[in-house]
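Have a look at the sequence and structure first.

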Amino acid sequence: MPSLTWSAELALDHPQMDTTHQEFVELLAATEHALAASPEAGLQAYEALVAHTVAHFGQEDRWMAATGFASGNCHGTQHAQVLQIMQEVARLAREQQDFGPLGRVMPELAAWFRVHAQTMDAALATHLDQLGFDPATGACRRTVAAESITGCGGASCSPAAPEHTAA
Ligand SMILES: [Fe+2]
Ligand SMILES: [Fe+2]
């Protein structure tokens, strides 16, 4: 049983974000499945999850930059922290054959994503919707305030990124 499965409570009614998030859920499950076969297969699947996450976070970061978020906003900062951990876990497995952190990070990533999607990403989806933002063109139907948003855009920020499991 994977740590994370797609469900209606993860859907944000934002087609492009939901598609990306479903892919994240599938790649996370595929990594856990591969890890059960062998560490090497797990690492290969995990590298695909990391590559997908680079694009996933990059897409949301670009949308935030285009719609009035300041560059150091907490949503983008959390993306950077999580990606740094994910890449370090991959490096330890690839370069030092230390697969322990890789095994431990999967349930943590699942738990983190569940909260992140339902808080920061949900707030971003609402924000984009309110502005009439078109992901295909980057255009908004309503005026965007310049560099004004430093929080995640929601009523509250989601908890910090998962602990660094590589230690
Ligand atoms: Fe996301
Ligand atoms: Fe996000």
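Predicted model: local features only at pLDDT ≥ 70, side-chain atom pairs only at ≥ 80, totals over all residues.

Residues are numbered from 1 along each chain as its sequence is written, while chains are lettered from A and ligands numbered from 1 in the order in which they are written.

Helices here are DSSP runs (H or I, at least four residues) numbered from the N terminus. Axes are lines fitted to C-alpha atoms over the stretch in contact, with angles from 0 to 180 degrees between N-to-C directions.

| Helix pair | Angle between axes | Axis distance |
|---|---|---|
| Helix 1 (residues 15-37) and helix 2 | roughly 165° | within 7 Å |
| Helix 3 (residues 74-96) and helix 4 | roughly 165° | within 12 Å |
| Helix 2 (residues 39-66) and helix 4 (residues 100-131) | about 20° | 13 Å |

Take helix 1 and helix 2: their axes cross at roughly 165°, which makes helix 1 roughly antiparallel to helix 2 (over 145 degrees counts as roughly antiparallel, under 35 as roughly parallel). The contact (C-beta atoms, placed from the backbone, within 7 Å) includes Phe24, Leu27 and Leu28 of helix 1 and Ala45, Tyr46 and Leu49 of helix 2. Its residues divide into 13 nonpolar, eight polar and one charged. For these classes, Ala, Val, Leu, Ile, Met, Phe, Trp, Tyr, Cys and Pro count as nonpolar, Asp, Glu, Lys and Arg as charged, and the others, Gly among them, as polar.

Helix 3 and helix 4 also cross at roughly 165°, so helix 3 is roughly antiparallel to helix 4. Val82, Val89 and Leu92 of helix 3 are among the contact residues, as are Val105, Trp112 and Met120 of helix 4. That contact divides into ten nonpolar, two polar and no charged residues.

Helix 2 and helix 4, by contrast, are roughly parallel to each other. Gly42, Leu43, Tyr46, Glu60, Trp63 and Met64 of helix 2 meet Leu102, Leu124 and Leu128 of helix 4.

Now for helix 4 by itself. Its 32 residues reach 44 Å from first C-alpha to last, close to the 46 Å expected at 1.5 Å a residue (1.5 Å times one less than the number of residues). Helix 4 bends by about 40° at histidine 116, the bend being the angle between axes fitted to the seven residues ending there and the seven starting there. After helix 4 comes glycine 132, with a positive phi near 65°.

Technical notes: Helix = DSSP H or I, 4+ residues; strand = E, 2+ residues; numbered from the N terminus. Parallel < 35°, antiparallel > 145°, perpendicular 65-115°, else oblique. Contact = placed C-beta atoms within 7 Å.
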